[in-house]
Amino acid sequence: MTTSIHITALDGIVNVNSLFTLAVFIGLAWNPADPTDNLVVDAACLAGPRIAEDLISFHVYSFSSFLFSSIVALALKQAIRISRNQEYTRHLHLPEFLGIVNRNLFRVGMLVSGIGSVCGCVFLMLALINVAQVKLGTLACGSGYTYAAVVPLVVFVPLALLIYVTIVLYAFSR
């Protein structure tokens, strides 16, 4: 029973990371330097090159975090499958210790995978804040539209991450 719960949790991590990775690719395909692709009226409120650079950087950081998390989760799933099938382990002539999953290493792997997902979400949120600034004007200009886009993002994403981290830490301690 516990193993199937772990596999389901790892599947969830991989699936969510895949969706977010798709969002990152779509974000990277967009050209923030296109002057006709924004709704900014005041030229003083246009996002500068630094915001566009941060936008790309945060997308790349997000992608690498999600990819890292997914690879760790997939490796843990494979370790579970190998350990459950001792005949498979003997068929490949693997040493016996490879067929046993160390519980502490597994828990650390789950924690590391969760941390990768959290970092990916934070970087994706920062990238989306920069998208709002490029499209709607910088936060320094005080545009109501920019704040209307950014405030829910910086409220709901950290709240969701707090819930996620709390549940992961609870599961980690059991």
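Which residues form a disulfide, and how far apart are their sulfur atoms?

A: A quick word on the basis: this is a predicted model, where local features need pLDDT of at least 70, side-chain atom pairs count only at pLDDT 80 or more, and totals for chains, interfaces and linings use all residues. Residues are numbered from 1 along each chain as its sequence is written, and side-chain values use heavy atoms, with hydrogens and water left out.

Now to your pair: Cys45 and Cys141 form a disulfide, with their sulfur atoms 2.1 Å apart (a disulfide here is a pair of cysteine sulfur atoms within 2.5 Å). The structure holds one disulfide. The torsion about the S-S bond of Cys45 and Cys141 is about -110°, so this disulfide is left-handed.

Where do the two ends sit? Cys45 is in the loop between α1 (2-29) and α2 (49-84), and Cys141 is in the loop between α4 (103-136) and α5 (144-173), so the pair ties together parts that are 96 residues apart in sequence. Those helices are DSSP runs (H or I, at least four residues), numbered from the N terminus.

How covered are they? Cys45 is buried, at 13% relative accessible area, while Cys141 is partly exposed, at 33%. For these labels, buried means under 20% relative accessible area, exposed over 50%, and partly exposed in between (1.4 Å probe, protein chains only).

Then there are Cys119 and Cys121. Cys119 is in no disulfide, and the nearest cysteine sulfur, that of Cys121, is 9.4 Å away. Cys119 is partly exposed, with a relative accessible area of 32%. Cys121 is in no disulfide either, and at 16% relative accessibility Cys121 counts as buried.

That brings us to the cores. A nonpolar core is a set of buried Ala, Val, Leu, Ile, Met, Phe, Trp, Tyr and Cys residues joined through side-chain atoms within 4.5 Å. The largest has 10 residues, among them Ile7, Leu10, Val72, Leu76, Phe106 and Met110. The elements giving two or more residues to this core are α1, α2 and α4. Cys121 belongs to a second, separate core of six residues, which also includes Val24, Phe66 and Leu124.

For a contrast, look at Phe156, which lies in helix α5. Phe156 is exposed, with a relative accessible area of 57%.
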